[in-house]
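Open your viewer and get ready to select residues by number. This tour goes stop by stop.

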Amino acid sequence: MRQRPRVLLRRAVRFCESPINYAAASPRPAGQGTHGGRARETDHPRGEEMGGASSSSSSSSTNKRLKAKRAPGYEDPAVLAAQTSFTVNEVEALYELYKDLSFSIFKDGLIHKEEFRLALFRNTKGSNLFADRVFDMFDLKRNGVIEFGEFVRSVSIFHPKASESEKTKFAFKLYDLRGTGYIEKEELKEMVLALFGESDLCLSDSAVEEIVDNTFKQADSNGDGRIDPKEWEEFVKNNPASLRNMSLPYLKDITTSFPSFVMHSEVED
């Protein structure tokens with residue numbers, strides 16, 4: 001028996017397993033071609049006469065080709081690093097992962113819901129409340145796809161260095177399915193069923209009701225039948241385990257390992 005990475009992320013997994021630094025896999029610097037690492041002088045009919053102008057032209061052409069290959073919605077890694085918990089190198093490594101996800105089905109450089117489901121649950125068909133909800137929260141522009149900048153900013157919330165406040169707000173929005181600013185009992189029940197359903201755990205209706213009731217007994221301090229942001233914040237403080245899955249330790253070493261939720265393996269005889 002041996003394990004092999006899923007086909008859609010084979011390149012990403014091979015890159016992760018390599019001890020070579022990310023820089024070794026980055027695009028060629030401007031001005032370098034495929035002939036011994038130098039732009040050929042003969043690329044320009046007047047290369048010898050124009051000297052530096054030939055090099056400048058080659059550099060400009062290379063930059064244009066690199067930009068053309070970038071996914072729609074691409075943002076400068078330095079800007080994203082300044083706005084998130086990631087370093088510039090980590091953002092660049094995330095871009096490699098993003099490209100694998102965004103070209104897994106539609107190949108347009110954008111992550112669609114089907115590609116997101118495939119990465120999370122190895123399934124592109126059928127609606128899943130949890131996957132769809134997380135997708136909608138990553139889709140900050142509400143245009144039906146996840147762009148690179150949205151991907152980095154959203155994944156950053158799961159970084160161990162991200163503040164507890166960020167994680168608490170994200171978790172609250174996750175359960176606030178209708179966007180009313182409150183978590184209703186029915187919303188919590190729907191999410192609990194979705195989460196256990198994806199874990200292949202079958203709970204009786206009474207067991208689910210007990211989970212929901214116990215949560216509201218602890219969180220709904222004013223007894224109005226719903227949980228507001230302040231109550232949720234207090235609940236999280238008293239129950240730190242509720243945010244346990246909001247931190248992914250391997251995001252601290254994203255240049256050599258990608259998040260496990262997109263690195264499922266298949267067993268092959």
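Here is what to select next, and what is there.

**Stop 1: the whole chain**

Show the protein chain as a cartoon. Keep in mind that this is a predicted model. Count the elements: the protein chain has 12 helices and four strands. Now colour by burial. Of the 269 residues in the protein chain, 36% are buried. Next, think about who touches whom. Take the contacts between residues at least 6 apart in sequence: 58% of them join residues at least 24 apart.

**Stop 2: the nonpolar core**

In soluble globular proteins, nonpolar side chains tend to be buried together. Look for that here. The largest nonpolar core holds 51 residues. Which of them touch the most other members? Select Y98, F116, F138, F151, F158 and W232 and show their side chains. Those six are the answer. Then colour helix 5, residues 88-102. Helix 5 gives the most to this core, with six residues.

Zoom in on F116. What does F116 touch, leaving out residues up to four places away in sequence? Show I111, A131, V134, F135, F138 and I146. F116 is in contact with each of these.

**Stop 3: helix 5 against helix 8**

Two packed helices are described by the angle between their axes and the distance between the axes. The crossing is right-handed.

Now show the side chains at the contact. From helix 5, select V91, L94, Y95, L97, Y98 and L101. From helix 8, select F148, F151 and V152. These two groups meet. How many residues of this contact are nonpolar, polar and charged? Nine are nonpolar, with no polar and no charged residues.

Stay on Y95, a residue of helix 5. Is Y95 buried or exposed? Its relative accessible area is 9%, so Y95 is buried. Draw a line from the C-alpha of Y95 to the C-alpha of F151. The line spans 9.2 Å, although 56 residues separate Y95 and F151 along the chain.

**Stop 4: helix 7 against helix 9**

Select residues 129-138 for helix 7 and residues 164-175 for helix 9. The two axes come within 10 Å and cross at roughly 125°. Because of that angle, helix 7 is oblique to helix 9. The crossing is right-handed.

Here is the contact. Helix 7 supplies F130, R133, V134, M137 and F138. Helix 9 supplies F170, K173 and L174. Sort these by class: six are nonpolar, none is polar and two are charged. F138 is also one of the core residues that touch the most other members.

**Stop 5: helix 9 against helix 12**

On helix 9, show E164, T168, A171, F172 and Y175. On helix 12, show P229, W232, E233, V236 and K237. Together they make the contact. How do its residues divide by class? There are six nonpolar, one polar and three charged residues. W232 is another name from the core list.

**Stop 6: two loop residues**

Most residues other than glycine have a negative phi, and most peptide bonds are trans. Now find K107. It sits in the loop between helix 5 and helix 6. K107 is not a glycine, yet its phi is positive, about 55°. Is K107 buried or exposed? Its relative accessibility is 54%, so K107 counts as exposed.

Go on to R142, in the loop between helix 7 and helix 8. R142 has a positive phi of about 55° too, and is not a glycine. With a relative accessible area of 58%, R142 is exposed.

**Stop 7: helix 4**

Finish at A78, in helix 4, residues 77-83. A78 has 41% relative accessibility, so it counts as partly exposed. A78 and N89 are 11 residues apart in sequence. From C-alpha to C-alpha, they are 9.0 Å apart in space.

Technical notes. Residues numbered from 1 in each chain as written. Predicted model: local features only at pLDDT ≥ 70, side-chain atom pairs only at ≥ 80, totals over all residues. Heavy atoms only, no water. Axes fitted to C-alpha atoms, helices over the stretch in contact; angles between N-to-C directions. Parallel < 35°, antiparallel > 145°, perpendicular 65-115°, else oblique. Left-handed = near helix turned anticlockwise from the far one by under 90°. Contact = heavy atoms within 4.5 Å. Nonpolar A, V, L, I, M, F, W, Y, C, P; charged D, E, K, R; others polar. Buried < 20%, exposed > 50% of the residue type's maximum accessible area, 1.4 Å probe, protein only. Core = buried A, V, L, I, M, F, W, Y, C linked by side-chain atoms within 4.5 Å.
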